[in-house]
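Please look over the chain shown here before reading the notes on its helices and backbone.

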Amino acid sequence: MSAKKSVSLVLSSGGARGLAHVGVIEELENRGYHIAEIAGCSAGALVGGMYAAGKMPEFKDWICNLDRIDVFSLMDFTFSSRGFIKGEKVYNALKKVIKDCQIEDFEIDFSCNAVDYKTGQEVIFREGSLYAAIRASGSIPTVFQPAKHHRHELIDGGVLNPVPISLLKNSGQNLVIVVGLNAPDSAIISPPQKDAQGKSFISMPGWLRDYRNKMLHYFPEQEKTEKSTSLSSFNLMTRSFDLLQDRFCELLVAQYPVDIVVQIARNQAGTLEFHRAAELIEIGRQKAVMAIDEWENANS
């Protein structure tokens with residue numbers, strides 16, 4: 001396998017936007033690239049772990065058949081100040097479809113990261129339970145409760161290392177591809193109506209669309225005559241953190257020799273919009289096509 005076709009793949013954090021990683025992986029496979037190793041963070045750990053375990057078809061089938069109500073039902077809400085979702089229910093449901101396995105048994109080298117919030121140290125998973133690793137890596141602060149692992153209490157690896165290029169072991173021998181999920185609005189593409197096979201995504205039923213239109217006739221939505229430019233203190237804090245992380249991601253990518261960067265916009269989808277799985281997978285595929293075509297044309 002030539003270095004041109006052997007890939008070290010880095011999958012960044014980004015909540016539900018991480019489902020775009022599936023589309024990127026599928027496009028790489030369709031073009032004959034061999035994914036030799038994966039380093040993932042948060043959503044990237046989930047998708048990368050499923051692929052490395054050889055369970056991508058089962059995972060894709062499961063996630064693409066969840067609607068908005070299914071996703072909501074998998075959120076085990078709690079009043080804890082450490083996070084408003086326990087984060088156990090969704091993984092228990094996934095375990096019924098895909099059994100837990102040991103990372104060291106994978107044919108593809110896989111690693112992911114989390115953060116010990118007490119010590120501030122990055123914790124790297126290269127062996128042990130897959131579910132323990134992805135549960136820890138995806139513990140978004142204030143959303144999911146921290147994951148308990150041995151003597152650690154772990155939160156999302158994206159806090160310290162959202163684009164974990166540093167976890168790669170063979171990047172010098174392979175083509176390095178990074179999939180980022182926190183790009184600016186300039187990277188947004190129109191939501192696709194069909195997948196790669198031409199199959200339409202699930203849309204609003206006709207009877208429900210007619211009902212909504214009738215209701216709008218009698219109760220029209222208020223038009224916003226003036227868009228507010230002010231932010232609440234919470235939104236200002238969130239926006240500030242987003243800007244800080246965006247800059248941090250740019251610096252991480254610039255620090256390493258990266259061949260291809262696939263960029264998914266932060267505002268392409270919300271953090272918990274997992275019901276848009278099929279659409280986000282297709283977005284990932286389309287963005288991969290653009291990035292890989294550009295690289296192949298430049299190196300042909």
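This is a predicted model: local features need pLDDT of at least 70, side-chain atom pairs count only at pLDDT 80 or more; totals for chains, interfaces and linings use all residues.

Residues are numbered from 1 along each chain as its sequence is written, and side-chain values use heavy atoms, with hydrogens and water left out.

**Confidence**

- The chain has an average pLDDT (the predictor's confidence in each residue, from 0 to 100) of 88, and 86% of the residues score at least 70.
- Residues 221–228 have a pLDDT below 50, and this stretch makes two contacts (heavy atoms within 4.5 Å) in the model beyond near neighbours in sequence.

**Helix packing**

- Two packed helices are described by the angle between their axes and the distance between the axes.
- Axes are lines fitted to C-alpha atoms, for helices over the stretch in contact, and angles run from 0 to 180 degrees between N-to-C directions.
- Helices (H or I, at least four residues) and strands (E, at least two) are DSSP runs, numbered from the N terminus.
- Helix H3 (residues 56–64) packs against helix H5 (residues 89–97) at an angle of about 130°, and their axes are 10 Å apart.
- H3 and H5 are therefore oblique to each other; angles under 35 degrees count as roughly parallel, over 145 as roughly antiparallel, 65 to 115 as roughly perpendicular and the rest as oblique.
- The crossing of H3 and H5 is right-handed; a crossing is right-handed if the near helix is turned clockwise from the far one by less than a right angle, and left-handed if anticlockwise.
- H3 contributes Glu58, Phe59 and Trp62 to this contact, and H5 contributes Val90, Ala93, Leu94 and Val97.
- The contact of H3 with H5 has six nonpolar, no polar and one charged residues, where Ala, Val, Leu, Ile, Met, Phe, Trp, Tyr, Cys and Pro count as nonpolar, Asp, Glu, Lys and Arg as charged, and the others, Gly among them, as polar.
- H5 also packs with helix H6 (residues 130–137), at an angle of about 150° and with the axes 12 Å apart.
- That angle makes H5 roughly antiparallel to H6.
- H5 passes H6 in a right-handed crossing, with Tyr91, Leu94 and Lys95 of H5 meeting Tyr131, Ile134 and Arg135 of H6.
- By class, the H5 contact with H6 has four nonpolar, no polar and two charged residues.

**Buried helices**

- In helix H2 (residues 43–52), 10 of the 10 residues are buried (under 20% relative accessible area; exposed is over 50%, partly exposed in between, with a 1.4 Å probe and protein chains only), so H2 is largely enclosed by the rest of the structure.
- The buried residues of H2 include Leu46, Val47, Met50 and Tyr51.
- Helix H1 (residues 20–30) is mostly covered, with eight of its 11 residues buried.
- Among the buried residues of H1 are His21, Ile25, Glu27 and Leu28.

**Positive phi**

- Most residues other than glycine have a negative phi, and most peptide bonds are trans.
- Gly32 follows H1 with a positive phi near 90°, and Gly54 follows H2 with a positive phi near 80°.
- Thr142, in strand E6 (residues 142–144), is not a glycine but has a positive phi, near 70°.
- Thr142 is exposed, at a relative accessible area of 57%.
- His150, in the loop between strand E7 (147–149) and strand E8 (152–156), is not a glycine either and has a positive phi of about 55°.
- His150 counts as exposed, at 75% relative accessibility.
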